[in-house]
Amino acid sequence: MKIVGYARSSTDKQNLQMQIDALEKAGCIEIFEEKITSSKRERPELNKMLNMLGKGDRVVVYKLDRISRSIKHLIELAELFEEKGVELVSIQDNIDTSTDRFFFRRMATIGEMERGIISERTRAGISSARARGRKGGRPKVSEKDLKTALKMYEAKESSISEIVKATGISQATLYRYINKLAEKKDQEK
């Protein structure tokens with residue numbers, strides 16, 4: 001069983017020493033330190049720590065807001081820890097999942113509730129838009145613009161970006177129709 005700590009501050013000007021002292025006092029053998037804002041999704045030290053964790057290991061943080069960017073991120077981490085069999089300790093929040101396994105269940109319940117709320121809002125938004133006459137989905141591609149784009153492509157005198165700019169068709173749509181055209185030609189052979 002490894003006891004590892006994670007300490008993070010939002011800026012280079014903030015000092016991590018208070019967190020490090022608390023993590024060392026909690027028995028952390030290795031401490032991953034980061035000075036990065038919580039809004040940043042990519043956190044190399046956190047990822048390094050998460051990748052090295054195994055069953056029975058313990059992660060200690062000074063406070064939950066040091067390890068998570070948001071409630072959603074905390075839920076994701078809690079699910080990952082439970083899946084891996086990793087214990088979580090938050091010193092200031094008085095959480096220790098080795099004695100309180102209920103924490104993971106609470107996080108899972110909150111996550112399920114959040115997903116339900118998002119789904120409900122999405123359905124309500126779609127219903128409201130339809131009631132106002134909106135259909136949603138991708139906008140229809142003009143047949144004229146599509147034919148022009150395909151002719152330009154087959155002429156091989158224009159780059160894809162030039163075709164996209166001239167016709168207003170997105171690059172993804174153009175490639176989709178180019179592939180359909182190629183498949184049709186293959187079937188005719």
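Biologist: Why is His 73 called buried?

Modeller: His 73 has a relative accessible area of 9%. Buried means under 20%. The value falls under the cut-off, so His 73 counts as buried. Keep in mind that this is a predicted model.

Biologist: Where does His 73 lie?

Modeller: His 73 lies in helix H4, residues 71-84. Arg 41 is 32 residues away from His 73 in sequence. In space, the two are 9.6 Å apart, C-alpha to C-alpha.

Biologist: Now the sheet. What makes E3 and E4 a pair?

Modeller: Two strands pair if at least two bridges are found between them. Strand E3 (residues 58-61) and E4 are joined by 4 bridges. That meets the cut-off, so they pair. The two strands run parallel. Arg 58 stands opposite Glu 87 in E4, and Val 61 stands opposite Ser 90 in E4.

Biologist: How do you know that E4 and E5 pair, and in which sense?

Modeller: E4 and strand E5 (residues 95-96) have 2 bridges between them. At least two are needed, so they pair as well. The sense is antiparallel. The bridge partner of Val 89 in E5 is Asp 96.

Biologist: What do E4 and E5 form, and which residue in the turn has a positive phi?

Modeller: E4 and E5 form a hairpin, with 4 residues between the strands. Asn 94 sits in the turn, and its phi is about 55°.

Biologist: How many bridges link E1 to E3?

Modeller: Strand E1 (residues 3-9) and E3 share 4 bridges, in the parallel sense. Tyr 6 stands opposite Val 61 in E3.

Biologist: In what order do the strands of the sheet stand?

Modeller: The 5 strands stand in the order E2-E1-E3-E4-E5. They form an open sheet, and the pairing is mixed.

Biologist: Why are E2 and E5 said to stand at the edges?

Modeller: Strand E2 (30-35) and E5 each have a single partner strand, so one side of each is left without a neighbour in the sheet.

Biologist: What makes E4 a strand with both faces covered?

Modeller: Look at each side of E4 (residues 87-90) in turn. Glu 87 and Val 89 are on one side, and Leu 88 and Ser 90 are on the other. All four are buried, so both faces count as covered. In E3, Arg 58 and Val 60 point one way. Val 59 and Val 61 point the other way, and all are buried too.

Biologist: What about H6: which of its residues are buried?

Modeller: In H6 (residues 143-155), they are Leu 146, Ala 149 and Leu 150. Their arc is only 95° around the axis, so they lie on the same side of H6. The face turned away from that buried side carries Lys 144, Lys 147 and Lys 151, which are exposed.

Biologist: How far does H8 reach, and what is expected?

Modeller: H8 has 18 residues and reaches 26 Å from its first C-alpha to its last. That is close to the 26 Å expected at 1.5 Å a residue. Thr 173, Leu 174 and Ile 178 are buried in H8. They cover an arc of only 135°, which puts them on the same side of H8. On the other side, Ala 172, Asp 186 and Gln 187 are exposed.

Biologist: Last, the largest pocket. What is its volume, and which helix gives the largest share of the lining?

Modeller: The volume is about 210 Å³. Helix H8 (residues 171-188) gives the largest share of the lining, 3 residues. The lining includes Arg 138, Lys 140, Thr 173 and Tyr 177.

Biologist: How many residues of each class line the largest pocket?

Modeller: The lining has 4 nonpolar, 4 polar and 4 charged residues.

Terms used:
Residues numbered from 1 in each chain as written. Predicted model: local features only at pLDDT ≥ 70, side-chain atom pairs only at ≥ 80, totals over all residues. Heavy atoms only, no water. 1 Å grid on protein atoms, 1.4 Å probe; cavity = no way out; pocket = protein on both sides within 12 Å on 5 of 7 lines; lining within 4 Å. Points joined across faces, edges and corners; volume = space filled by probe spheres on them. Nonpolar A, V, L, I, M, F, W, Y, C, P; charged D, E, K, R; others polar. Buried < 20%, exposed > 50% of the residue type's maximum accessible area, 1.4 Å probe, protein only. Arc of directions from axis to C-beta. Expected span 1.5 Å × (residues − 1).
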